[in-house]
Amino acid sequence: MSGTAGCGGELLGRVFLTRVVEPGDETGGRWMREYGVDAVVRRLRDGGEPLPGVSGKRWAGMVARAARAEPHRDLALARDAGVRFVLPGSAEWPGQLDDLGDARPLGLWVRGGAGLRMWALRSVALVGARACTEYGAHMAASLAAGLAERGWVVVSGGAYGIDGAAHRGALGSGGATVAVLACGVDRPYPRGHAGLIGRIAEQGLVVGELPPGEHPTPSRFVLRNRVIAALTRGTVVVEAAHRSGSLVTARAARRLGRHVMGIPGPATSGLSAGVHELLRQDAVLVTDAAEVVELVGDMGELAPERRGPVLPRDLLDPAGRQVLAALPAHVTAPPEDIARAAQTTPDDAVARLYELRALGYVERHGDGWKLTRQAMMPVRDRPDAR
């Protein structure tokens, strides 16, 4: 299997341990670092004295799981499902996952043809509420599409709501997306997203820490979020209530030194309350893909300057703008009043008014002057704007 050649006992040992050690278990990670994979596997198989840091009861549970572990069978099941196991330190391993320290995954089960390491180098996490609003789904999909069109990989958790909208936005624009699951990658969850996760496996990647056939649990969802945060350059939270699991991803990203961003929602929306709290702290407010890329991208990938519509007065010299601004919106005014409001002389005001009439911005009615409809339209909306 690709990503495992030449690993021998290290491969089998880590596959074995995915059946025994829960994702994110820092005690197990410390054992691997201090004693090595082979020594930990031997101790668990022999059922000897507990390794440091666990109770006798917990150790007994781990030994019982070790007795049922069949790494050769897991690798065969994975191969049949088109899944490979990627080891830390291998060519496909994303080095940024090492930032998790002892909570680093034992390895990753990967489904899909792309190279995980290369994709992760230019990736952004998009996460948020499962029970999202129509606004949240729209923002997630359009943001994901914009990122994909700019060559960025969209990473999310495959769940209902914001996750699904983000994946669909990337797929719909022909872009790249990665789903990080809290279960075996051969058993898509939620079941209602089996078709979507199948599309992601064909066009992108489906990734997880758990071996074939494993089911998700509440704690596994929470721990999965640290992988999403570590894998990417930054995390964008689209909608999240105060107790949303998406905030776990944002906090993990912050701890890892990644960028944390939030899409604002209505101030009255409980589903945006968690995002707004992030923004009150140190998260960065973003509204589209260009602003995300400006933050997480390379130097020079700047978002365009935000401007309102170009108005006729923006195209005039300062004196002309001053006279134009002095005219009332819907009634005529005599030159004397216009001059007074523009802080100039009546003669100068009249001269400017005739210039403005030639441009189509004002019109004369008897002794008075008023704005034309054209003067009140943004330039881009005018029939003569090209």
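A: Gly158 is buried, with a relative accessible area of 0%; buried stands for under 20% relative accessible area, exposed for over 50% and partly exposed for in between (1.4 Å probe, protein chains only). This is a predicted model, where local features need pLDDT of at least 70, side-chain atom pairs count only at pLDDT 80 or more, and totals for chains, interfaces and linings use all residues. Residues are numbered from 1 along each chain as its sequence is written, and side-chain values use heavy atoms, leaving out hydrogens and water.

Gly158 sits in the loop between β4 (153-156) and α8 (162-172); helices (H or I, at least four residues) and strands (E, at least two) are DSSP runs, numbered from the N terminus. Setting aside residues up to four places away in sequence, Gly158 touches Asp163, His167, Ala179, Tyr189, Pro190, His193 and Ile197, where contact means heavy atoms within 4.5 Å. From Gly158 to Ile200 there are 42 residues in sequence, and 9.2 Å in space from C-alpha to C-alpha.

Now to the histidine. His276 belongs to helix α12 (residues 273-280), and its side chain reaches the backbone nitrogen of Gly265 at 3.0 Å. Beyond neighbours within four places in sequence, His276 is in contact with Pro264, Gly265, Pro266 and Ala267.

Last, the cysteines. Cys183 is buried, at a relative accessible area of 1%, while Cys132 is partly exposed, at 23%. The structure holds zero disulfides, a disulfide being a pair of cysteine sulfur atoms within 2.5 Å.

Methods:
A polar contact is a pair of N or O atoms within 3.5 Å; within protein, one must be able to donate a hydrogen and the other to accept it, and residues adjacent in sequence count only if both atoms are side-chain atoms.
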